[in-house]
Amino acid sequence: MVYIPQDIEQEGKDYLLERGYNLKIGSDLSQEILMKEVKDCDAILTRSIAVINEAVIQAGRNIKVIAKYGVGLDNINVKAATESGIYVTNTPQANANAVAEHVMAFILALSKQLIAADKELRGGNYGARHQLPSMDLEGKTLGVIGLGRIGTLLAQKAARGFGMNVIGYDPYLTTSPSDALEIVTDIEWLFRNADVVSLHLPLTEATKGTIGSREFSWMKKSAYFVNASRGGIVKEADLIEALKAGEIAGAGIDVFEAEPPQRDNPLFQLDNVIVSPHSAALTKEASVRMAVHAAMQVDQALRGEHPEWAVNDVLNRKVSI
């Protein structure tokens, strides 16, 4: 039995059904219901909202694999799963392009003042064409923090498609993963010199709350900040203050400290912010790939194979990310 707390695309379910698995679609995402419904299941295929904590893992006595629909693992207790001999997998090849394209859309909309221009023109202000100066991207500098698949793809799109200069910072890399970008070792230098800063880090204990008022104070007043990774990496109150104070020109935000965000979140009141509901990865194509790729990991694990995209080593009880 494969437990799917939050429904997925039919293609992913068909992949499992065609291989003889029974599916249990969740009825609610509360911890009490998750613990009840996971019993007697062999695998969990989860999206981002269901919290697969130690209690849920312990309740699933027969679980062999927890397959994440997506990349970020902050809703799964990978350590507890590893200690219980349970594989944890994700789908690293499914949504990188979708997220990189979404970030480029943020960058274009911000630099071209598209949201503000649309609002002004709909209100009858044709003169806004002279009041909302936009910015060329060609020759400008994009700073990418985190150079995994998404960050590297974004660098390639920005450099080769828009003629931007791209600098990247990643504490785990010493050489550039692409000729489209130059590695820098000083993150302050990146913040100070970039016209756009885009964040592409996982949310871990080491990265939580690491971007705040100090980093925003380093940025040019004309620069934009984009976050389509995880909201918890950024001190949201500090970002709001930097935007209000004009320390930075604007922001594109797909992720939030608390999700779903409250309707009165101050970011929603700012004209120099573009927001989206943690949807950067959710194109039709990427959603199908995430569903199918996660199902593939379930099948591999339940057939006794080592899943292709496992993030842990269950034999040696080690987390490998």
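Which residue in β8 is the bridge partner of Ile 167? In β8, that partner is Glu 182, and two bridges join β8 to strand β7 (residues 165-169), the two running parallel.

The model is predicted, so that local features need pLDDT of at least 70 and side-chain atom pairs count only at pLDDT 80 or more, while totals for chains, interfaces and linings use all residues. Residues are numbered from 1 along each chain as its sequence is written, and side-chain values use heavy atoms, with hydrogens and water left out.

Helices (H or I, at least four residues) and strands (E, at least two) are DSSP runs, numbered from the N terminus, and two strands pair if DSSP finds at least two bridges between them. Seven strands form an open sheet with parallel pairing, in the order β8-β7-β6-β9-β10-β11-β12. Because β8 (182-183) and β12 (273-275) each have a single partner strand, they stand at the edges, and one side of each is left without a neighbour in the sheet.

Contact means heavy atoms within 4.5 Å; axes are lines fitted to C-alpha atoms, for helices over the stretch in contact, and angles run from 0 to 180 degrees between N-to-C directions.

| Helix | Strands | Angle |
|---|---|---|
| α5 (residues 96-111) | lies across β6, β9, β10, β11 and β12 | about 155 degrees to β10 |
| α10 (residues 236-245) | touches β10, β11 and β12 | about 145 degrees with β11 |
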